[in-house]
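This report describes one protein chain from its atoms. Please look at the sequence and the model before reading on.

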Amino acid sequence: GLCPSRTKTGGARALSLSERGSYSVLEDAAASKDSKRGLRIVCISDTHGKHRDLEVPDGDILVHAGDFTLYGRVEHVHDFDAWLGELPHRVKIVVVGNHENNADWNKRAEEMLPHAILLRQSSYDTDSSGLRFYGTDFFWPCPSGNPYFDQIPEGTDVLIAHGPAEGCADGGKGCKSLLAAVRRTKPALVVSGHVHWGHGAAELQHGDGQRTILLNAANCGSGPKERSIAHGPIVFDI
């Protein structure tokens, strides 16, 4: 994928994250340009059963971009849902990652997560602000096109997809088809994970002057820390 720090072809620009205790925020305050709605989104991903090791700050909406289990273990699902029920955020939005997609309970995921809004090729609109979230199912990178990403509607404000878009905090492993969908729909925010070593943030400029912030919110690290929490949540105000 495009490397934000090296590309000269109009790709994404890497953004710096600044730690605020147990969580991070974008250093570029201007990146949170759509702050009119006054909502705080707390973004996490790839907790792999270690969710209780996270310190999660308060906010309006919690987003988990998938891989909340390790190898789809059922006990991780049940404890993850119980943990969600203990958090103060009034809305908790979740998508599945590859670890859940491969599990035998995959088709029953929604009923197993009563404390979450599980999005799978579907939208959720917040009541007060009119903010529209869209969450995809899990797909491996599709360089020749993904018809399911064609279903992402225009007017989406926050897009959640487990795997990152190409060149956008993707660790070199992002999806070209998701990038095309982001360019088409121009959401304010994209939340992903999956590529643990790609943890970070990027900004994608569109031809009409709009821009999209893309977060890789993976909490588990890479190498020896692949199955333990290495990064805190990322907070985004919109």
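## Aromatic rings

Phe-138 is buried, at a relative accessible area of 7%. Buried means under 20% relative accessible area, exposed over 50%, and partly exposed in between, with a 1.4 Å probe and protein chains only. The model is predicted, so local features need pLDDT of at least 70 and side-chain atom pairs count only at pLDDT 80 or more, while totals for chains, interfaces and linings use all residues. Residues are numbered from 1 along each chain as its sequence is written, and side-chain values use heavy atoms, with hydrogens and water left out.

A pair of aromatic rings is described by the distance of the centres and the angle of the planes. Rings of Phe, Tyr and Trp (its six-membered ring) pair if their centres lie within 6.5 Å; planes under 30 degrees apart count as stacked, over 60 as edge-to-face and the rest as tilted. By this rule there are five aromatic pairs. One of them joins Phe-138 and Trp-140 edge-to-face, with 4.9 Å centre to centre and 85° between the planes. Phe-139 and Phe-149 also form an edge-to-face pair, at 5.5 Å centre to centre and 85° between the planes. Both Phe-139 and Phe-149 sit in the loop between strand 9 (132-135) and strand 10 (158-160), 10 residues apart. Phe-139 is partly exposed, with a relative accessible area of 22%, whereas Phe-149 counts as buried at 5%. Elsewhere, ring pairs link Phe-68, Phe-80 and Trp-83 into a cluster.

## Strands and sheet

The chain has four helices and 14 strands. These are DSSP runs numbered from the N terminus: helices are H or I with at least four residues, strands are E with at least two. Strands of a sheet pair through backbone hydrogen bonds, either parallel or antiparallel. Two strands count as paired if DSSP finds at least two bridges between them.

Seven strands form an open sheet in the order 2-3-14-4-5-6-7, with mixed pairing. Strand 2 and strand 7 (117-118) are the edge strands, each pairing on one side only. Strand 2 (residues 17-20) pairs with strand 3 (residues 23-26) in the antiparallel sense over four bridges. Arg-20 has Tyr-23 in strand 3 as its bridge partner. The hairpin of these two strands has two residues between the strands, and Gly-21 takes a positive phi near 75° there. Strand 4 (residues 40-44) and strand 14 (residues 234-237) are likewise antiparallel, over four bridges; Cys-43 has Ile-234 in strand 14 as its bridge partner.

## Cysteines

How many disulfides are there? A disulfide is a pair of cysteine sulfur atoms within 2.5 Å, and by this rule the count is zero. For Cys-168, the nearest cysteine sulfur is that of Cys-175, 11 Å away. Cys-168 is buried, with a relative accessible area of 3%. For Cys-175, the nearest cysteine sulfur is that of Cys-142, 5.2 Å away. Cys-175 is buried as well, with a relative accessible area of 5%.

## The chain as a whole

Along its principal axes the C-alpha trace spans about 45 × 40 × 35 Å. Of the 238 residues, 56% count as buried.
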